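Please keep the structure open while reading.

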Amino acid sequence: MSQFVLHDELWWDSEFSCESCGTRLCEHAGPGAAPDDVRQALLAAHGSVTLRPTGPAPGLVPVLRALREASGVSLPQARELAGELVRDGLVGTPAEMGLLRDALHRRGVPADVQS
């Protein structure tokens with residue numbers, strides 16, 4: 001399983017291989033958020049990272065726009081995420097937080113990912 005950013009979009013894939021017969025199958029490869037079981041496996045394998053602001057934001061609107069564009073959440077959800085970002089930081093997979101960091105940077109919001 002892997003998760004990555006391609007063309008400013010979160011992608012994931014999952015493969016299966018059988019050591020007995022040598023069969024290899026791709027179960028999924030495409031854009032979008034990974035299902036919870038895949039996400040949990042990614043977190044178990046690679047650990048989580050935290051996205052935190054590294055300086056003052058130019059305002060709430062750029063933060064909300066970046067969060068909505070990168071994660072496709074509603075405005076109320078983006079407000080919750082913005083609150084978490086400022087308070088404790090956002091925690092997720094390296095690919096998820098990298099995507100959000102890049103979206104914030106494009107909107108002029110300084111942020112960085114920490115392990």
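The points below are grouped by topic and refer to a predicted model. Across the whole structure, the search finds four salt bridges. Three of them are described here, with the accessibility of each partner.

**Salt bridge Glu 96 – Arg 39**
- Glu 96 pairs with Arg 39, and their closest N and O atoms are 2.7 Å apart.
- Glu 96 has a relative accessibility of 13% and counts as buried, because the limit for buried is under 20%.
- Arg 39, at 22% relative accessibility, counts as partly exposed.

**Salt bridge Glu 69 – Arg 107**
- A salt bridge also joins Glu 69 to Arg 107, with 2.3 Å between the closest N and O atoms.
- This pair links distant parts of the chain, 38 residues apart. Glu 69 sits in helix H2 (residues 60-71), while Arg 107 is in the loop between H4 and strand E6 (111-114).
- Glu 69 is exposed, its relative accessible area being 52%; the exposed class begins over 50%.
- Arg 107 has a relative accessible area of 31% and is partly exposed.

**Salt bridge Arg 101 – Asp 102**
- Arg 101 and Asp 102 meet through their side chains in a salt bridge, at 3.1 Å from N to O.
- Arg 101 is partly exposed, with 23% relative accessible area.
- Asp 102 is likewise partly exposed, with a relative accessible area of 30%.

**Surroundings of Thr 50**
- Thr 50 is part of strand E4 (residues 49-53).
- The relative accessibility of Thr 50 is 13%, and the residue counts as buried.
- With neighbours within four places in sequence left aside, Thr 50 is in contact with Asp 88, Gly 89, Leu 90 and Val 91, and also with Asp 112, Val 113 and Gln 114.

**Confidence of the prediction**
- The protein has a mean pLDDT of 87, and 96% of its residues reach 70 or more.
- Confidence is highest in E4, at a mean of 96; this is the strand that holds Thr 50.
- Strand E3 (residues 24-31) has the lowest confidence, at a mean of 70.

Technical notes
Residues numbered from 1 in each chain as written. Predicted model: local features only at pLDDT ≥ 70, side-chain atom pairs only at ≥ 80, totals over all residues. Heavy atoms only, no water. Buried < 20%, exposed > 50% of the residue type's maximum accessible area, 1.4 Å probe, protein only. Helix = DSSP H or I, 4+ residues; strand = E, 2+ residues; numbered from the N terminus. Contact = heavy atoms within 4.5 Å. pLDDT = per-residue confidence, 0-100.
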